[in-house]
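Below is a short report on one structure. Have the sequence and the 3D view open as you read.

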Amino acid sequence: MAWAMIELNRSSSGTSTVLSLVTMALVALGIGALRVNERVVAERLGQNYVHDIRRELVRSVLTPGDSSSLGITVARTTNDLSSVRNWISQGIAPLVVAVPLLSGVLVAFAILDWRLAAGATVPLLVLGAGVALWARDAYAKSRALRRTRGAMASRIAETALASDSVVSAGGAHRELKNIDSIATRLIDRAVSRAETLGLLRATGLVAGTLLTLIVAALGITLEMPPENVVAALAIAGIATTPIMDIGRIVEFRQSYLAACAVLIPS
């Protein structure tokens with residue numbers, strides 16, 4: 001992409017211009033095709049992995065002496081396993097793609113001008129600092145929210161199974177009040193977690209935007225050739241997506257760890 005941008009700015013003939021444009025179009029299509037393939041492969045991996053865990057959870061429920069409630073079992077095989085699948089398909093897979101891609105971006109910057117590569121490390125440091133600052137809080141809030149969801153699922157399952165006796169005893173209003181109380185706690189914890197996750201995602205967005213700004217500023221202040229500046233901005237554009245994805249990846253990671261704290265003992 002960078003080569004095609006430079007050639008486009010230097011081109012003095014129609015053939016060279018067409019070649020540059022065709023190259024950029026093919027690169028863009030290639031990136032899109034790889035992104036689709038990444039998502040499909042990641043989803044298949046996540047689904048297969050989660051299915052294996054689901055079988056083990058059901059096997060443990062069918063073991064004599066197991067005391068798991070219906071609500072807890074349903075929560076584990078839905079919410080908790082969704083967190084596991086999200087981490088594999090939308091966490092691990094994008095991370096496996098992002099690390100070599102960002103490394104390649106730094107190399108491409110260095111080829112254009114070593115000062116661009118040095119400047120590009122600043123947003124990555126900002127991203128790392130934000131992740132280190134908010135990741136632990138995200139994990140704690142994910143665990144608290146998961147416990148509340150489990151309590152809600154267990155309560156609803158027990159109420160549904162004992163609905164006839166609850167109605168005959170005139171306890172329907174009491175059960176609804178109990179569920180309302182858990183729901184209020186659930187909402188508060190979900191909103192609190194959303195604030196922390198929003199900060200994580202915002203960190204990725206800020207770092208991605210900062211990369212483009214730094215590249216543009218360095219190109220202007222250091223009076224680099226225009227074609228190099230254009231190429232560097234194209235490279236920064238390619239790098240922006242994986243940088244912004246890091247916040248989401250950390251979010252999925254913390255939710256996964258919170259789910260594992262419940263799933264592993266089961």
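Helix H6 covers residues 172-221. This helix has 50 residues. From its first C-alpha to its last, H6 reaches 72 Å, close to the 74 Å expected at 1.5 Å a residue. Just after H6 comes Glu223, with a positive phi of about 55°. These are values from a predicted model.

How many cavities of 30 Å³ or more does a search of the whole structure find? The search finds one. The largest cavity holds about 40 Å³ of space. Its lining is made by Leu102, Val105, Leu106, Ala120, Leu124, Leu211, Ala239 and Ile243. Three helices each supply at least two residues of that lining: H3, H4 and H7. H3 gives the largest share, three residues.

| Helix | Residues |
|---|---|
| H2 | 14-61 |
| H3 | 70-112 |
| H4 | 114-161 |
| H6 | 172-221 |
| H7 | 226-263 |

Now the surface. Val18, Val22, Leu26 and Leu29 make a nonpolar surface patch of about 390 Å². Leu26 is found in helix H2. Is Leu26 buried or exposed? Leu26 has a relative accessible area of 56%. Exposed means over 50%, so Leu26 counts as exposed. An α-helix has 3.6 residues a turn, so residues three or four places apart point the same way.

Definitions and conventions
Residues are numbered from 1 along each chain as its sequence is written. This is a predicted model: local features need pLDDT of at least 70, side-chain atom pairs count only at pLDDT 80 or more; totals for chains, interfaces and linings use all residues. Side-chain values use heavy atoms; hydrogens and water are left out. Patches are made of residues with over 30% relative accessible area and no salt bridge: like charges are joined within 9 Å, nonpolar side chains (Val, Leu, Ile, Met, Phe, Trp, Tyr) within 5 Å. Accessible areas come from the Shrake-Rupley method with a 1.4 Å probe; for residues, only the protein chains shown count as cover. A salt bridge is a side-chain nitrogen of Lys or Arg within 4 Å of a carboxyl oxygen of Asp or Glu. Helices (H or I, at least four residues) and strands (E, at least two) are DSSP runs, numbered from the N terminus. Buried means under 20% relative accessible area, exposed over 50%, partly exposed in between (1.4 Å probe, protein chains only). The expected span of a helix is 1.5 Å times one less than its number of residues. On a 1 Å grid over the protein atoms alone, a cavity is a set of points where a 1.4 Å probe fits but cannot get out, and a pocket is an open set with protein on both sides within 12 Å along at least five of seven lines; lining residues have an atom within 4 Å of a point. Grid points are joined across faces, edges and corners, and a volume is the space filled by probe spheres set on the points.
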